[in-house]
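Come along while I look up one thing at a time.

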Amino acid sequence: MKRRRPGAVSDGQGRKRRGQGHLRRRPGYAVLAALLVAAVGSGCAAETGDRAPADPARAAAARAGQQGGPPAGVAGSAAARAEKVRRAQAARAVAAKKWGLASTPLAPPAPPAAKPHLATRKGFEVEGGDASLPPVFTTVPTKEKVVFLTMDDGDDKDPELLRMMSELNIPYSAFLSDYLVRDDYGYFKEAQARGVVLGNHTLNHRYMPGLSHEEQKREICDQQDIIEQQYGERPRLFRPPYGNYNGDTLRIAKSCGITAVPLWAAEAFPDHMEWREEDQDLHPGDIILTHFRGKKDWKGSMPDLIRSVMKVVTDKGYAVARLEDYV
């Protein structure tokens, strides 16, 4: 494939886009010892008939629990988390076979305790811009081997995609354009109920730098209003059509609630990937773009697309994480 300079990615139609263990103890064991002594006395006094003698240790533990005593402990919590991950991964393996994936998708790590600081990527700044504007980026700062899957527009509304992604437990974010979504808002309501976060991709998918200030405001802010009205949440994330924007775009987006502008480092198709970086590879924190499109637009269905992109992601040792956990 022809190498692309940073800032240029094909839109799939030949055009280039500018992307601008220990337990917590009470002091000195004094309380626990007192509880044990009390439990022994109580247990002995309670012995009647053929009832078995009370277990002092159990009685003490029960009393400690009733009195807000120490929790199960770090080791127990870690074991419980590991078992939860194991069970989820076993279910994912079954789903991977059902949906014809080449291998089982890898499990992402736990979300970071604090989200990483985001800054506009070098070369993607706007004239007169500063740190107060929503950052524009293609990769999220992280050392974890995770990538983020995003889908744009909203044209193809394949119910198989909803079932597939739910059963595989693969997170993704949707950036919606109203002119393609308004014929079936319910489809994305179901996607939202399955954990998909809905972002703003403008009303009519127009080239932002070519519009007046008022036209851009209508495209961005009116779409904010529609998504809030239809889905109950106002988007924080905005992706300008084709990855093109100017200073007005970012200032308007900020004015109606946008806090970040995630673009993409790679674009997925059912039969290949296109890369922004010259090494044509994935990197920790990369954002992957694809579209809600089906066989009428390209060679494959939405499930075909997922099988293709997940083979690349998994073969390279990456897991798909939830973008909103990091941004």
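Predicted model: local features only at pLDDT ≥ 70, side-chain atom pairs only at ≥ 80, totals over all residues.

**Entry 1: Phe 238.** I began with one side chain and asked for its contacts, meaning heavy atoms within 4.5 Å. Setting aside neighbours within four places in sequence, I found Phe 238 touching Phe 175, Asn 200, Thr 202, Ile 220, Thr 249, Ala 253, Ile 258, Ala 260, Val 261 and Pro 262. Phe 238 sits in the loop between H7 and H8. Its relative accessible area is 0%, so I noted Phe 238 as buried. For that word I use under 20% relative accessible area, with exposed over 50% and partly exposed in between (1.4 Å probe, protein chains only). I also checked Ile 258: it is 20 residues from Phe 238 along the chain, and their C-alpha atoms are separated by 6.4 Å.

**Entry 2: what I am looking at.** Residues are numbered from 1 along each chain as its sequence is written, and side-chain values use heavy atoms, with hydrogens and water left out.

**Entry 3: the whole protein.** I counted nine helices and 11 strands. These are DSSP runs numbered from the N terminus: helices are H or I with at least four residues, strands are E with at least two. The protein has 327 residues, and 45% of them count as buried. Its accessible surface is about 16300 Å², with 52% belonging to carbon and sulfur atoms; the area comes from the Shrake-Rupley method with a 1.4 Å probe, and for residues only the protein chains shown count as cover.

**Entry 4: the disulfide.** How many disulfides does a search of the whole structure find? I got one, taking a disulfide as a pair of cysteine sulfur atoms within 2.5 Å. A reminder to myself: such a link is a covalent bond between the sulfur atoms of two cysteines. Here Cys 221 is joined to Cys 256, with S to S at 2.4 Å. The pair links distant parts of the chain, 35 residues apart: Cys 221 is in helix H7 (residues 213-231), and Cys 256 is in the loop between helix H8 (247-255) and strand S7 (261-262). The torsion about the S-S bond is about -80 degrees, so I wrote down "left-handed". Both Cys 221 and Cys 256 are buried.

**Entry 5: Glu 219.** I stayed in helix H7, which also holds Glu 219. Is Glu 219 buried or exposed? It is buried, with a relative accessible area of 1%. Leaving out neighbours within four places in sequence, I listed its contacts as Thr 202, Leu 203, Asn 204, His 205, Arg 206, Met 208 and Leu 211. Thr 202 is 17 residues away in sequence, yet 5.0 Å away C-alpha to C-alpha.

**Entry 6: positive phi.** His 205, from that contact list, lies in the loop between S6 and H7. Its phi is near 55 degrees, a positive value in a residue other than glycine. His 205 is buried at 14% relative accessibility. I found another case in Asp 153, which is not a glycine but has a positive phi of about 80 degrees. Asp 153 belongs to strand S4 (residues 146-153) and is buried at 6% relative accessibility.

**Entry 7: helix H6.** Which residues of H6 (residues 185-193) are buried? I noted Tyr 187, Phe 188, Ala 191 and Gln 192.

**Entry 8: helix H9.** Last, I looked at Thr 314, found in helix H9. Thr 314 is buried, with a relative accessible area of 11%. Beyond its neighbours within four places in sequence, Thr 314 is in contact with Ser 103, Thr 104, Pro 105 and Leu 106. Ser 103 is 211 residues from Thr 314 along the chain, and their C-alpha atoms are separated by 7.4 Å.
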